[in-house]
Amino acid sequence: MERSLETQVSQAVDAWLRWLPRWQPATHRGRVAPCRRCIGSPVLSAVGLGADVPHGVQHGLSTRMKSIVDAAVAEYTSRNLPMLQAELDQQAARNRARSYRPAEGLEPEFEGLPLDPDPVAGAPFLFTISGLAQESDQAVPDLPPLSSEAKAALRQEVGLADDYANMIGREVCAVLLRHRLRVQAAVAQHVEPQIEAMLAELTRSLDAPFEPGPDRGGAV
């Protein structure tokens, strides 16, 4: 029997809560570009994960909710939008023909994130994962072009799919409101102490140069 949307959201939140104790603050340089999946996300707003919550914590939850919406839209498309479904099937077959697919099969915490670190001025990469993926993609033939009439019909079906996605997204947010307290409690337990420890360590490292050393006997 198909799971209800409420059950899917609850199970996804449970999975995120099981992962959260394993989260640790990133030690590498932060990215310049914001995550388009998470910034301004109504899903994150529904559970109260604002800008003061690290992106790694946000991303795992928003990606899990996106997968629920995507699955619902995929089912709706297969039942009601034949032209869009045919286009998606062709694209899926083309993707399977690629020899290198580094963005597939990732855990929710990493899905949708950039494949490569931000470039550093004066230190070019010998190669990048995204560059290798593009080379693999270029080796696969393009899909056949569509007529003007087919493009217009496809745009109409894409619009219907977008409307359905927005409707499911609103329902997901409504269900998430019931999990707001447990999400915030988990963040307070597993995330905030680590952030506070980092801030304390930063404060100590900034104060250290100004503390009198053993050979600095005071004011001259």
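**Exercise 1. Work out how α3 and α4 pack, starting from their axes.**

Solution. Axes here are lines fitted to C-alpha atoms over the stretch in contact, and angles run from 0 to 180 degrees between N-to-C directions. Before going on, note that this is a predicted model: local features need pLDDT of at least 70 and side-chain atom pairs count only at pLDDT 80 or more, while totals for chains, interfaces and linings use all residues. Residues are numbered from 1 along each chain as its sequence is written, and side-chain values use heavy atoms, with hydrogens and water left out.

Now the contact (heavy atoms within 4.5 Å): A74, T77, S78 and N80 of α3 meet P82, L84, Q85 and L88 of α4. By class, that gives 4 nonpolar, 4 polar and no charged residues. Nonpolar covers Ala, Val, Leu, Ile, Met, Phe, Trp, Tyr, Cys and Pro, charged covers Asp, Glu, Lys and Arg, and the others, Gly among them, are polar.

**Exercise 2. Describe how α1 crosses α3.**

Solution. Start with the axes, which come within 10 Å and cross at roughly 155°. That makes α1 roughly antiparallel to α3 (over 145 degrees; under 35 is roughly parallel, 65 to 115 roughly perpendicular and the rest oblique). The crossing of α1 past α3 is right-handed. On the α1 side the contact includes W16 and W19, and on the α3 side R64 and M65 are among the residues. Sort the contact by class and you get 11 nonpolar, 3 polar and 1 charged.

**Exercise 3. Do likewise for α1 and α6.**

Solution. The axes of α1 (residues 5-19) and α6 (residues 148-176) come within 10 Å and cross at roughly 60°. The two helices are therefore oblique to each other. Again α1 makes a right-handed crossing, this time past α6. L5, E6, V9 and V13 of α1 touch I168, E171, V172, V175 and L176 of α6. The class count is 7 nonpolar, no polar and 2 charged.

**Exercise 4. Which residues lie nearest the centre of the second largest pocket?**

Solution. Of its 16 lining residues, K66, D70, N95, A103 and E104 lie nearest the centre. α3 gives the most to the lining, with 4 residues. By class, the lining splits into 8 nonpolar, 2 polar and 6 charged.

Key: A crossing is left-handed if the near helix is turned anticlockwise from the far one by less than a right angle, and right-handed if clockwise. On a 1 Å grid over the protein atoms alone, a cavity is a set of points where a 1.4 Å probe fits but cannot get out, and a pocket is an open set with protein on both sides within 12 Å along at least five of seven lines; lining residues have an atom within 4 Å of a point.
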